[in-house]
Amino acid sequence: MSSMKILAINPGSTSTKVAVSLDKEIIKEKSIPHSPREISSFKSILEQCPFRKRLILGFFDESNISLDSLNGIVARGGFLKPVLCGTYRVNEIMCHDLRNSSKEHASNLGALIAKDLADSRGIPAFIVDPIAVDEMTDMAKISGLQGVERKSLFHALNQKAVARKIAEKHRRQYEELNLIVAHLGGGITVGAHQKGRVIDVNNGVDGDGPFSPERTGGLPVESIVEMCFESGLSKKEVYQKIKGRGGLVSYLETNDARVVEALIKQGNRKAFFIFEAMAYQIAKEIGGCAAVLKGKVDFIVLTGGLAYSKLLVDWIRERINFIAPVEVSPGENELEALTDGAYRVLNGLEKAKEYGE
Ligand SMILES: Nc1ncnc2c1ncn2[C@@H]1O[C@H](COP(=O)(O)OP(=O)(O)O)[C@@H](O)[C@H]1O
Ligand SMILES: CCCC(=O)OP(=O)(O)O
């Protein structure tokens with residue numbers, strides 16, 4: 001097998017994470033955080049493209065690594081048409097769909113930045129397990145209103161990577177287990193994994209499931225209809241309220257759980273109550289997935305940045321540990337999973353899928 005140097009790019013709602021690896025070993029990585037104020041200075045996600053690209057180039061300058069030494073670039077994929085999981089070559093159809101997506105999410109930038117950097121160096125660009133991975137059953141897609149369908153939009157990359165890691169830890173195959181995986185990050189998604197397929201999951205960006213550091217999750221529909229028609233807010237302002245300014249930001253003016261924990265330590269009762277309410281909603285979503293899996297659950301897995309919070313994890317655990325053993329895998333494996341996907345293709349172990357075919 002030939003030696004491969006790969007750049008992995010993960011644009012998230014609260015950070016841009018990058019890593020360079022040599023033969024799957026990460027040799028340099030960085031997580032660059034973005035405050036809500038910094039992000040809200042851009043009119044759209046697409047406008048953030050040059051800003052995030054500059055940060056990545058800055059990472060190369062600091063690290064003394066030459067972009068010309070790369071064999072490939074891989075990024076987190078965004079709002080594409082529903083796809084099966086796997087590694088996809090970034091092609092023009094994909095870039096067109098991401099540029100023209102009606103849905104705003106930082107992950108839309110990954111493939112665009114990767115292709116831009118890769119084309120000028122004559123190397124390939126890929127995405128792996130984008131948020132649009134869709135393995136949901138037809139029943140899970142029923143919303144309760146004809147014409148409005150529930151969609152599969154979730155942290156597919158990390159949920160699948162962590163699910164495989166937990167299966168391996170227990171010397172089992174992912175494809176033989178039933179798991180509930182809760183990704184607790186800037187967005188929160190909780191998936192019911194039935195023998196390797198995510199048969200139901202809350203949509204992490206469309207106002208569904210638990211509230212998160214900066215998103216509302218599911219809301220009482222009638223109150224929102226009232227707000228849209230009576231408050232004088234524009235469509236964009238309503239979206240801002242629901243997405244970047246919902247959840248913890250809405251109640252506590254921060255999307256940073258570490259700040260919330262510091263407030264709690266200082267005796268702030270509102271911070272305590274709202275943080276526990278987030279745990280309550282996450283636990284309730286996990287309970288829903290247990291019903292989807294008819295109670296046959298091998299493990300519940302908590303992952304994402306918020307899983308570093310012992311307080312939050314303990315609150316969730318006390319409400320759900322009657323269902324199945326709880327595994328905590330804080331942070332994410334996204335950079336490793338991206339690198340792994342690109343490495344398999346670059347070394348000919350797997351064929352890249354073509355998007356749009
Ligand atoms: N050590 C930690 N303790 C508590 N919360 C943390 C810790 N590290 C990160 N977080 C919280 O996790 C959330 C972000 O999770 P992350 O998975 O990095 O999100 P994303 O990738 O969506 O930007 C933030 O609220 C952040 O404050
Ligand atoms: C569709 C879910 C993706 C998501 O919410 O990602 P972030 O947590 O990075 O915002």
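Author: The mean pLDDT of the protein chain is 95, and 100% of its residues reach 70 or more; pLDDT is the predictor's confidence in each residue, from 0 to 100. This is a predicted model, in which local features need pLDDT of at least 70, side-chain atom pairs count only at pLDDT 80 or more, and totals for chains, interfaces and linings use all residues. Residues are numbered from 1 along each chain as its sequence is written, while chains are lettered from A and ligands numbered from 1 in the order in which they are written.

Reader: What ipTM and pTM does the predictor give the complex?
Author: The ipTM is 0.97 and the pTM is 0.92.

Reader: Which domains does the protein chain have?
Author: The assignment gives domain 1 (5-134 + 334-354) and domain 2 (156-330). Such bounds come from an automatic or database domain assignment. The C-alpha centres of domain 1 and domain 2 lie 24 Å apart.

Reader: How many residues does the contact take from domain 1 and from domain 2?
Author: Domain 1 gives 19 residues and domain 2 gives 13 residues. Two residues are in contact if their C-beta atoms, placed from the backbone, lie within 7 Å.

Reader: Which element gives the most to the side of domain 1 that touches domain 2?
Author: Helix 12, with four residues. Helix 12 covers 334-346, and helix 1 (36-40) also gives two or more residues to that side. Helices (H or I, at least four residues) and strands (E, at least two) are DSSP runs, numbered from the N terminus.

Reader: Ligands now. Where does ligand 1 lie?
Author: Ligand 1 lies between domain 1 and domain 2, because both give residues to the shell around it. That shell has 18 residues, and the closest are G12, G185, G186, G305 and Y308. A residue counts as near if its C-beta atom, placed from the backbone, lies within 6 Å of the molecule.

Reader: And what about ligand 2, how many charged residues are in the shell around it?
Author: No charged ones; that shell divides into four nonpolar and eight polar. Ala, Val, Leu, Ile, Met, Phe, Trp, Tyr, Cys and Pro count as nonpolar, Asp, Glu, Lys and Arg as charged, and the others, Gly among them, as polar. The residues surrounding ligand 2 include G12, H155 and T189.

Reader: Different topic. In what sense do strand 10 and strand 11 pair?
Author: Strand 10 (residues 188-194) and strand 11 (residues 197-201) pair in the antiparallel sense over four bridges. Strands pair if DSSP finds at least two bridges between them.
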